[in-house]
Amino acid sequence: MPSLEQLAEQLDPATTALLTVECQEGVVGRDSALPELAAQARSSGVLHQVARLVAGAHEADVQVLHAVAERRPDGRGANRNARLFRAAGRLPVQQHSGTSAVRVAPPIEVADEDIVVRRLHGLSPIAGTDVDALLRNLGCRTVLVVGVSANIAIPNAVFDAVNLGYTAVVAQDAIAGVPAEYTPAMIRNTLALVATITTSDDVLACWKRPRRTTRA
């Protein structure tokens, strides 16, 4: 992991965005469509760490984006080209637009200045969404990725961020996947090759350091 000085340079509040991935009621909430993943996100403390990072970002004037996966009740525009999508369509809890399932889950707090980005298709929180354009308009060069799952959406977000020219940072205690042992393996063997790996405590320590610049 980088030194605190190196990390602080990457996580300059003026050029950094915090991206929470699928931290929504229907995924990590009490009535999740994916109870095993929800249980892991909660029991491991990941959801708590995400909430801490969001609160810290608000205090440090770091832009927060919440990436939410949803689908229309009629399924129009949704993918059907993989087993994952077909299985999701049969789950008892559906991520339908406008329902409680697609609300950001507590204890994460959504501030007025946060941006919620919703997608109706695909696996990535970035590709095929407004995230890239929003980040560029906001002057962001670093994306801190947190949330779920380490199996699919998190690596998709990291790869897409890197391919688009952003510096990707992952708080390793703020992402979850199933089974539990898969997440550290994914971090060690894949994400660490393309992203800066750090901890929530170190991120928050960086954001509490004296600032050199402010967001325009």
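1. How much space lies in the largest pocket? It holds about 740 Å³. On a 1 Å grid over the protein atoms alone, a pocket is an open set of points where a 1.4 Å probe fits, with protein on both sides within 12 Å along at least five of seven lines, and lining residues have an atom within 4 Å of a point. The volume is the space filled by probe spheres set on the points, which are joined across faces, edges and corners.

2. The model is predicted: local features need pLDDT of at least 70 and side-chain atom pairs pLDDT 80 or more, while totals for chains, interfaces and linings use all residues. Numbering starts from 1 along each chain as its sequence is written, and side-chain values use heavy atoms, without hydrogens and water.

3. The largest pocket is lined by 31 residues, and Glu22, Leu34, Ala69, Leu84 and Ala88 are the closest to its centre. Helix α5 (83-88) gives the most to this lining, with 4 residues (helices are DSSP runs of H or I, at least four residues, and strands runs of E, at least two, numbered from the N terminus).

4. The whole structure has 6 salt bridges (a side-chain nitrogen of Lys or Arg within 4 Å of a carboxyl oxygen of Asp or Glu). Arginine 119 pairs with glutamate 22 at 2.9 Å. This pair links strand β3 to the loop between β1 and α2, 97 residues apart.

5. Glutamate 70 and arginine 118 form a salt bridge at 3.1 Å. Glutamate 70 is buried at 11% relative accessibility, whereas arginine 118 is partly exposed at 43%.

Conventions: Buried means under 20% relative accessible area, exposed over 50%, partly exposed in between (1.4 Å probe, protein chains only).
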